[in-house]
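Please read them with the model open beside you.

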Amino acid sequence: MSSNPNNENKRIRSIRGKLQWMITGTRLGGAFWSSFGLFLLIPILWAVFCEISALGRVEWTYKHFFNISQGFSDLTYNVTDPAGTVLLSQKIADVVAVSLGVSASIFVLKVIGALLSIPEEQKKINKTLAPIDALAARADEISNFEFNEDKYQLLEKAISKIEPEDNKEILLPDPELQGIETAMNSLIGRMKENYRQQARFVNDASHELRTPIAVIEGYANMLARWGREDEKVLDESITAIQNEAHNMKHLVEQLLFLARGDAGRTELKLENVELNSLIMEIYEESLMIDELHPYKIRTYERPLNVMADPGLIKQAVRILVDNAAKYTENGDEIVLASGMNEAGRPYLMVQDSGIGMKESDVEHMFDRFYRADEARTKEGTGLGLSIAKWIVEKHKGSFSVVSRTDLGTRICINL
Ligand code: ATP
Ligand code: MG
């Protein structure tokens, strides 16, 4: 692989030339204007000096003017009073000539200085542009890269050696294939992580299902052996089996939702949703379902219209409200709200005054099957928030969470 030095840096060279011209041009312009200023300044200072020597001061009410009636050698500086009496008429041609000579010399010196400093400036420009040079050369190398038969075979061999279980990475002996090697290893890494996550999910799910199945089996065995004669045992067994079956149904529904979501089989039915009405609906339902907590509602003063799947968004907010109720003592307040945040995004909020969470729990609360130790006294699977997260992410929304142990939790869904 070779890069063509003629093409490689054509653009960079043109940038370099333009920069050089800009710097030299600015210097030459500066030299001209400063010399020109000096050329004007010397005669003016001289005139002021003469006026002060002759009249003792500069009187601004007098008329000051230059006169060039017979030619440059007769150039005079004149001062007359308001009556027209000539108070000063000073020959100034020599001073102007000297001024011209001095400023022209300075200009020439500065031009020479500017020209002499070009090589030094070029060095500085080269140093500054070195990273861009390297980038251009690399881009050129990539565009000239020839992917021939040998390289195909190298790649094929390396890929065929990969096994899903081992942690080996692809190693390509050809340095030109470095970019492909890195990209493929990162792809393989992500696929393996996905595979591990799926395996962990199935493992956790089986583990969660084992407990209710074991309980149901236990009671059924007890009934089969001797329990059916004893009415008390019979009642207890039926209640336990009903409870466990209910929990299992809930868990299986949650697992099915996530599995369908992962497989891309849950489609959003987007429509215009007004968030004030949605949160009001959830508020009224919560009042009916849960009489143990006082609920409050705050809605935004203007309509909040978003394109969303109303059923799914409602499900996500319900998950938050269920958690708020579950992790807040009876009698303590739960607030539902809709609003517009500083970034101009509409949000739905659920705030409780319950057990709250530690920072380390907040970091993991959306992980599948995660439950904080403090939450384990209550029933649950640790899947609710993973479902809410899936729904919100599908809507390209986000969560903001504030939680303090023993003070409470506030979770916003920003849409
Ligand atoms: P389920 O799947 O039945 O909802 P869960 O409530 O335990 O079970 P998530 O809803 O996913 O699961 O919540 C995960 C964990 O986050 C909870 O176990 C709890 O530790 C913590 N958590 C969530 N919401 C709150 C809250 N409002 N207050 C305190 N802790 C909370
Ligand atoms: Mg929950």
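1. Phe32 is partly exposed, at a relative accessible area of 39%. In these notes buried means under 20% relative accessible area, exposed means over 50%, and partly exposed lies in between (1.4 Å probe, protein chains only). Trp33, at 57% relative accessibility, counts as exposed. Phe36 has 36% relative accessibility and is partly exposed.

2. A word on conventions. This is a predicted model, in which local features need pLDDT of at least 70 and side-chain atom pairs count only at pLDDT 80 or more, while totals for chains, interfaces and linings use all residues. Residues are numbered from 1 along each chain as its sequence is written, chains are lettered from A and ligands numbered from 1 in the order in which they are written, and side-chain values use heavy atoms, with hydrogens and water left out.

3. Aromatic pairs. The whole structure holds ten aromatic pairs. One of them joins Phe32 and Trp33, edge-to-face, with 5.1 Å between centres and 80° between planes. Rings of Phe, Tyr and Trp (its six-membered ring) pair if their centres lie within 6.5 Å; planes under 30 degrees apart are stacked, over 60 edge-to-face, and the rest tilted. The pair of Phe32 and Phe36 is stacked because the planes are at 5°, with the ring centres 6.0 Å apart. Both residues belong to helix α2 (residues 10–55), where they are four residues apart, about one turn of the helix. Helices (H or I, at least four residues) and strands (E, at least two) are DSSP runs, numbered from the N terminus. Ring pairs also link Phe32, Trp33, Phe36, Phe39 and Phe107 into a cluster.

4. Charges over rings. Which residue lies over the face of Phe65? Lys63 does, at 5.5 Å from the ring centre. Arg368 is placed over the face of Phe201, 4.9 Å from the ring centre. The test used is that NZ of Lys or CZ of Arg is within 6 Å of the ring centre and within 35 degrees of the ring normal.

5. Polar contacts of ligand 1. A polar side-chain atom of Arg371 is 2.6 Å from an oxygen atom of the ligand. For the side chain of Thr381, the distance from an N or O atom to a ligand oxygen atom is 2.7 Å. A polar backbone atom of Gly384 lies 2.8 Å from an oxygen atom of ligand 1. The protein buries 96% of the 590 Å² that ligand 1 exposes when taken alone. Accessible areas come from the Shrake-Rupley method with a 1.4 Å probe; for residues, only the protein chains shown count as cover.

6. Thr76. This residue lies in strand β2 (residues 76–80) and is buried, with a relative accessible area of 13%. The side chain of Thr76 makes a polar contact of 3.3 Å with the side chain of Asn78. A polar contact is a pair of N or O atoms within 3.5 Å; within protein, one must be able to donate a hydrogen and the other to accept it, and residues adjacent in sequence count only if both atoms are side-chain atoms.

7. Positive phi. Most residues other than glycine have a negative phi. Phe369 has a positive phi of about 70° although it is not a glycine; Phe369 sits in the loop between α10 (359–364) and α11. Lys396 also has a positive phi, of about 55°, and lies in the loop between α11 and β9 (398–404). Are these two buried or exposed? Phe369 is buried, at 11% relative accessible area, and Lys396 is exposed, at 72%.

8. Ile387, in helix α11, is buried at 3% relative accessibility. Ile387 and Gly261 are 126 residues apart in sequence and 9.0 Å apart in space, C-alpha to C-alpha. Ile413, in strand β10 (residues 408–414), is buried at 1%.
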